[in-house]
Amino acid sequence: MNLLAPRCYFLSSGWQCRMRTVIVQHPILEEELNVVARMARGDRRALAELYARYERPLLTYLRHLTADRELAEELLQDTLLAAWTGASSYAGQASVHAWLLGIARHRTHDTLRRRALRVVDTSVLEPLVALDPEPEDRVLLEAEYEEVTSAMNRLAPIHREVLILTFVHDLSYQDLAKVLGIPLGTVKSRLHQAKRAVRALLRPDESPR
Amino acid sequence: MTPSRAFPSDEHVADRLPAYVNGTLEPAERAIVQAHLRDCAGCATELAAWEVIRAATRSLPFHAAPAPASVLDRLWIAIDQLEGPTVMESIRASATVPRPLSPSIPQGALGQRAVGRARWPARTRRGLTMLATAALVVLTLGASYVTLQRSHGDQETGQPASIPAVVVTSATPDSDASVETETLFATVLPTGQIPTSGVLDFVVNRLSLDPGRSAPISPTVQACCPGPHITHVLEGELTIRVDGPMQVFRAGAVAPGTVDAGTVPPGTEVVLHPGDTITADFTLPTTYSNLGTIPVQLVTAGLYAGTLPGPWAENVTYLDFNEDVSHNSRPSGPAEVRLVRAILPPGGEVPAPPSSSLVLEVGANGDASIGKRADGSLRNLNERAETIYVITVEPVTAGTAIPSP
């Protein structure tokens with residue numbers, strides 16, 4: 001399915017946004033459901049197909065959760081093994097992509113806890129959401145490209161994660177809620193907070209309220 | 001910013017903007033947001049801010065990092081450990097008793113977990129050496145689609161079968177599946193044409209341009225991204241103008257008085273027919289025009305340094321596009337760029353190109369369900385046949401054969 005969506009490019013004059021035709025992510029592909037159903041019946045070819053399709057996005061996500069590449073690869077294997085053994089319990093409420101990301105996230109947090117590595121306490125990072133206009137967003141449009149990418153790299157993991165799931169994995173709000181294990185309303189507030197955090201990093205004197 | 005009356009009172013258009021940007025809003029919601037954006041400058045600013053964040057998020061490191069093949073090998077071994085003896089244990093256990101090797105197991109009979117394993121086909125019998133060799137080759141290669149299967153017993157022969165069958169899914173994994181490929185275009189890009197610094201972006205688009213339409217490619221948008229840009233005509237007649245050097249490749253003879261193959265001066269208007277191709281640089285202002293009566297069908301591809309993900313031309317219909325952002329790998333010397341059309345049956349594969357090559361595919365008529373391995377090989381994951389266009393960029397070696405376009 002194609003539709004119009006804006007795309008922004010950084011030009012010498014600043015960010016420029018145009019409407020583009022983009023391919024929309026299918027919510028849940030029937031063929032993917034079939035792949036998981038075949039896995040539930042023990043068909044290893046189905047697992048290989050799932051691996052081929054999701055190995056790269058899963059590893060991308062895991063590399064954002066942990067900087068340790070070897071650990072990320074280990075977690076990728078754990079994730080797919082858990083998907084193999086848990087395929088029969090997949091109910092199709094989330095997309096297969098979101099289901100796998102949720103497993104990956106859960107395995108990562110378990111592993112990091114077991115290894116006593118630092119885990120971000122998400123409870124202290126939940127912000128209040130203001131629904132008023134945000135003219136401060138102009139700071140994002142006026143920033144240099146390198147400034148924005150630098151700010152992204154300095155974001156707190158909780159904010160970077162929600163942005164990656166939204167804009168790299170193109171998850172819907174429902175899928176974001178399932179992967180992150182939070183209510184739908186919190187998904188929206190976390191996204192707004194992430195934007196404010198980027199803005200605050202671009203303009204350190206501004207509080208990310 | 002005024003809350004949209006079309007949403008429940010406790011929700012707001014601003015809440016929907018990230019979903020609007022990533023394309024996951026339902027069509028009805030999308031229409032509401034679009035209508036609201038026309039009248040709300042604040043929302044439009046916020047939308048643009050989300051787009052900036054999207055672009056920056058997608059440029060974060062580790063994007064599209066491939067997993068080494070050893071991960072899949074370890075996964076199979078872990079599953080074997082869960083469900084029975086490991087592959088290597090099975091091979092070792094069978095060292096004294098030759099067992100048959102199944103070269104082909106019908107689809108759907110593979111690796112049934114609890115309901116009994118598929119039987120060994122009795123039609124082919126080979127020695128243990130070949131079995132073990134095949135298994136080891138498979139493990140060494142670490143192919144992603146290797147399917148390992150054990151049998152608890154052959155009820156027809158009465159033999160205890162604890163040896164794994166090794167089914168290597170190759171270019172044509174199903175016995176009745178045939179992959180058709182056709183090289184549409186190939187040429188060698190000289191050293192220096194592929195950018196040597198910056199994040200390398202590899203894109204391929206399947207476009208359609210309606211009769212009477214003109215599609216300018218803005219030079220201001222292009223300014224950031226030097227690199228080779230390829231346009232190949234599948235159907236119709238495309239009139240193209242590039243404000244800079246353009247290399248024309250003709251698939252057949254051209255009519256007297258029209259532009260022949262070769263390098264043409266800047267600003268020359270060239271009519272391309274099906275099978276014709278041009279190469280130019282991404283930074284050059286370019287205009288596509290369809291002066292004919294049927295839609296022009298195109299494949300375009302490019303390899304450039306910069307942050308210009310996704311479509312860029314105006315007035316064209318994007319039937320499909322694909323993109324790969326590579327942070328490290330790129331051909332350091334001359335490279336062959338090749339465009340291939342492949343018709344893949346379900347499970348059909350395009351084999352891996354030589355190492356250090358770049359590969360990208362696009363569906364002929366829309367998003368195709370194609371799996372890509374770390375080695376660049378492709379597989380049709382769909383239940384139906386798919387036609388795809390595959391573009392590869394391979395380092396040129398002494399033995400590289402370049403077919404004539």
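**Entry 1. A pair between chains**

I noted that D80(B) and R44(A) are both buried. The model I am reading is predicted. I then looked up how these two residues are related and found a salt bridge, with the closest N and O atoms 3.1 Å apart. I placed D80(B) in helix 4 (residues 69-83) of chain B and R44(A) in helix 2 (residues 44-65) of chain A, so the pair joins two chains.

**Entry 2. A pair within chain B**

I turned to E29(B), which forms a salt bridge with R16(B), and the closest N and O atoms there are 2.1 Å apart. E29(B) belongs to helix 2 (residues 27-39) of chain B and R16(B) to helix 1 (residues 13-22) of chain B, so this contact ties together parts that are 13 residues apart in sequence. I checked the accessibility of each partner. R16(B) has a relative accessible area of 7% and is therefore buried, as the value is under 20%. E29(B), with a relative accessible area of 23%, is partly exposed.

**Entry 3. D243(B) and R241(B)**

I recorded a salt bridge between the side chains of D243(B) and R241(B), at 3.1 Å from N to O. D243(B) is partly exposed, at 36% relative accessibility. R241(B) is also partly exposed, at 36% relative accessibility.

**Entry 4. Network and total**

I next looked for salt bridges that share partners, and found that they join R38(A), D43(A), E49(A), E349(B) and R379(B) into one network.

Key
Residues numbered from 1 in each chain as written. Chains lettered and ligands numbered in written order. Predicted model: local features only at pLDDT ≥ 70, side-chain atom pairs only at ≥ 80, totals over all residues. Heavy atoms only, no water. Salt bridge = Lys/Arg side-chain N within 4 Å of Asp/Glu carboxyl O. Helix = DSSP H or I, 4+ residues; strand = E, 2+ residues; numbered from the N terminus. Buried < 20%, exposed > 50% of the residue type's maximum accessible area, 1.4 Å probe, protein only.
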